[in-house]
Amino acid sequence: MSLSKIHEIAATLENEYVRKWKSEGNAVVGHACIAMPKEMAEAGKILPFRLRGAGNADTSTADSYLSRYNCSLCRSCLELVLNGSYDFLDGFVRVRGCDHWMGTFDEIAHARKPEFVHYLKVPHLVNEDTLEFFAGEIKRLKEAFEGRFGVEISEDEIVRYARIQDKINEKMREFYKLRFRKPNFYGSDAIAVMVARESLPSDIFFPLLDSAMAEKRKIDYRAKVLLAGSPLDEIELVRKIEEMGALIVAETTCFGGGAFWNMVEYDGSDVYEFLARKYLENLKICARMFGEYAYRKNFIKSMAEEAEVDGVILQHNKFCDLFGIENAKLRMDLEKEGIPTLVLEKEYASTADIGRIKTRVQAFIERMGR
Amino acid sequence: MSALPGLVKRSYEMLKAIEGIENYTWEEVEGLYSIVGKDLGQSAKALLDERHDGAGLHFMKVIAKHIREAVEAKDEGKKVILIPFNFPPELIHAFENAVPLTTEVMSTIGVVSLEGQGEPYWDYAMSLGIPDYVCSANTIELGSALMSVEALEFTPDAIISGAPGSCDVNSKIHEFVAEYLGIPELTIDKTGGGKTDYQLYRKLFLRMVNELEKFVGEEIDEDRIISVTERANECTELYWELHELKKHSPCPVPNMFTLFTYGTRFTMWGRDEAVSMLEKLVDVAEKRLRRGEYPAEREIARSVWVYTGYYIDLYDLWIWMENNGISYLTDGLNSFFPNQFEIETKEDALESIVSSAWNYPMTRQMGADNMGIQWFEDLTYLAKDLNANCAIYCGHHSCKQTQSVFRIFRDEANKIGIPVLRLDGDAWNRRITPVSVLQEMILDFVQNVVAKKRRRRRR
Ligand code: SF4
Ligand code: SF4
């Protein structure tokens, strides 16, 4: 029941809980990256809603703003903003992710002139200077929220929500472990869970996840696979891959384990310093962070081992510079360590790609000896 | 895979010969064309064109020296630091025991001076699984650097990455090479265009200087860095003199002088070689102004290229435009907005270098709070200052940031009456769009949009 609710939420943009949240006079802001400090927003009764393409493959209007050399996930999201599907948002936080996202937010500002667009600057390195800077940025975001939405965000309230996030992260880790050894869920379920988490207030999401975890399924598969690479919210695509027999039992992407697996818990320190550490250090899972390649490789390797997978799929959208280049290096290194690896370049939500992807997955399953 | 030597090795051999040339006649250039083949021949014809009055040869010698110093540094026990174009080479010149080698300049040298252009090196990178939408500006040279594992190319000792915050693909391909070759990478980061961003950038830059000192095994000497930054001040003065000369119509500064300027900026700034190069450019332009020289009957278009130019055929693009009355006044890569600095101490000198790096093209625009607006403001400032009547975007296919905000640039430029042509090609890779198509589009734009607008204004 809860699992199907989660799938339903993942399939819509403005879900029933968002509508209720708004009817209570609360705000919703759109963002596109896991560097967004969720507890800070929620402490001000502002729901951070992560932009996604929701399977939309039509980018005809967006293409006249962005170019065909830009990532199709970004173009898809821009299209949804331009056609009004995201009109329920009260503004945007332009979280510094990759170049494509930066251009997307600039075009949103240019074309739609939203009343609230705040730039959250996220460094590409982790050291004491960048952590100090990022703590300042988080404070600036708090002030921007307070100024724009007329709310007061207290440190106590941030801590309260940080503890809730800790609990959710813990639960998510438990949920992932239910997929590792003897899998009880499909990868498409896991992606739907992640998408729902990014679209709901945390006090709604937590009980939903808890009861969904009780709905263990009987799963058929030929091979167990870990999914890595660029952000992937395409539930339908995962379903198609799984229909071939390649069960996704773990993800290190930022719409997967990358968003919570390594996240530290609140330790009683200064709230802003803590949030800076929590989010910037966790971001090392993303190819946008420099000097952290070994960290990412080891993250994939250790999760692959723990989940006892037969192979790894490294996917990225065409024109994704960060993961396109990173995946080339990861393939070399993982293969060297005896982990069968498939690099999959695709267009977001493209039905035209499905046939090709299925053939490649089938060949991969055979290569893994399954 | 290929047994062809790397780009640096080949360019070194080729340019060594050029360093010995003193004088030449046009007949000799034509003769050279028939010997060296089309790829190098077109570049030789463009660089050695009479209108440049020897400035092209001078430029080749500057670049030859840049490469020679890097290749020969190893024998002298010095470290070779591979730097990206958006990083001030004067910092490396301040070291006694380190020399810079600039990635994008090397790619350009490969494209303009080697038979087969940069294609073998691009293909090598692709053969390793790197996707084909990465930036040719860096991937050609870095593809060649990857060949050093097969002893086909010379290996740099360390890599500086200066693009995080302004260009993902540039930063990422540098990281790939550092990981692949197992050499250290030193990275800076630009988070935006405000005061706190500058403070962070400065801290990271100085942190990197510190790491570099440790790596090279030498603390930068105060006298040496002061002398380097004083030379940089002289270069800045000459840069602005040349900029002033470009305001005349018809433009007395040949199209290719913009390329010579930034080629010098990216390699030898802060050195006597750069000062003499820029003196030569100013001198030639002043003479042309006095003599009223311009290769076409009329200057029809005064264009600002808002990002890069094309390097795939210097003669049939840069020279061809000028012969058709299309002046290439400046471009995005030349938008340094350099300043002169009061330098008395090592700290002053370092501060001046940090500030120059912060203001570098691309870092300045694409690392701003709003890429589209900063890009528009900078380039239209230059367009207005130089009385340009049009803007051209090369549509470099890898430039995801410029591509993504081009619409903002064009809409804003149109509001202030500057027509913009958007081309679609790869500045360093001729396989994407043929030169003839680019020529056709440029001519069409100039004749049907720019010239008509001029006529309307005159009526
Ligand atoms: S891929 Fe990286 S930059 Fe992009 S949304 Fe995920 S974490 Fe953020
Ligand atoms: S800004 Fe554009 S041309 Fe420059 S390195 Fe990046 S992608 Fe290449």
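Visitor: Why is ligand 2 said to lie between domain 1 (7–216) and domain 2 (292–458) of chain B?

Guide: Because both domains give residues to the shell around ligand 2, that ligand lies between them. The domain bounds themselves come from an automatic or database domain assignment. Before we go on, residues are numbered from 1 along each chain as its sequence is written, while chains are lettered from A and ligands numbered from 1 in the order in which they are written. This is a predicted model, where local features need pLDDT of at least 70, side-chain atom pairs count only at pLDDT 80 or more, and totals for chains, interfaces and linings use all residues, with side-chain values using heavy atoms and leaving out hydrogens and water.

Visitor: What makes a residue part of the shell around ligand 2?

Guide: One of its heavy atoms must lie within 4 Å of the ligand. Residues that pass include Cys135(B), Asn138(B), Tyr307(B), Met362(B) and His396(B).

Visitor: How do you know which shell residues around ligand 2 are nonpolar, polar or charged?

Guide: Ala, Val, Leu, Ile, Met, Phe, Trp, Tyr, Cys and Pro count as nonpolar, Asp, Glu, Lys and Arg as charged, and the others, Gly among them, as polar. By that sorting, the shell around ligand 2 has six nonpolar, five polar and no charged residues. The shell around ligand 1 has eight nonpolar, one polar and two charged. Arg50(A) and Arg288(A) are among the residues around ligand 1, and Arg counts as charged.

Visitor: Which domains does the shell around ligand 1 draw on?

Guide: Domain 1 (2–153) and domain 2 (157–367) of chain A, with at least three residues from each. The C-alpha centres of these two domains are 20 Å apart.

Visitor: How do you know how many residues of domain 1 and domain 2 of chain A are in contact?

Guide: Contact means heavy atoms within 4.5 Å. That rule gives 59 residues of domain 1 of chain A against 58 of domain 2. Between chain A and chain B, 51 residues of each are in contact.

Visitor: What does "buried area" mean for chain A and chain B?

Guide: Buried area is the accessible area (1.4 Å probe) that two parts lose on being put together, summed over both. Chain A and chain B bury about 4000 Å², with 56% on carbon and sulfur atoms. Tyr69(A), Phe290(A) and Ile325(A) supply 17% of the area that chain A buries against chain B, more than any other three residues. Between the two domains of chain A the area is about 4900 Å², 67% of it from carbon and sulfur atoms.

Visitor: Why is the pair Arg296(A) and Glu175(B) called a salt bridge?

Guide: The rule asks for a side-chain nitrogen of Lys or Arg within 4 Å of a carboxyl oxygen of Asp or Glu. Here the closest N and O atoms are 3.9 Å apart, so the pair meets the cut-off. Nine salt bridges cross the interface of chain A and chain B. Inside chain A, Glu39(A) and Lys278(A) also qualify, at 2.7 Å from N to O.
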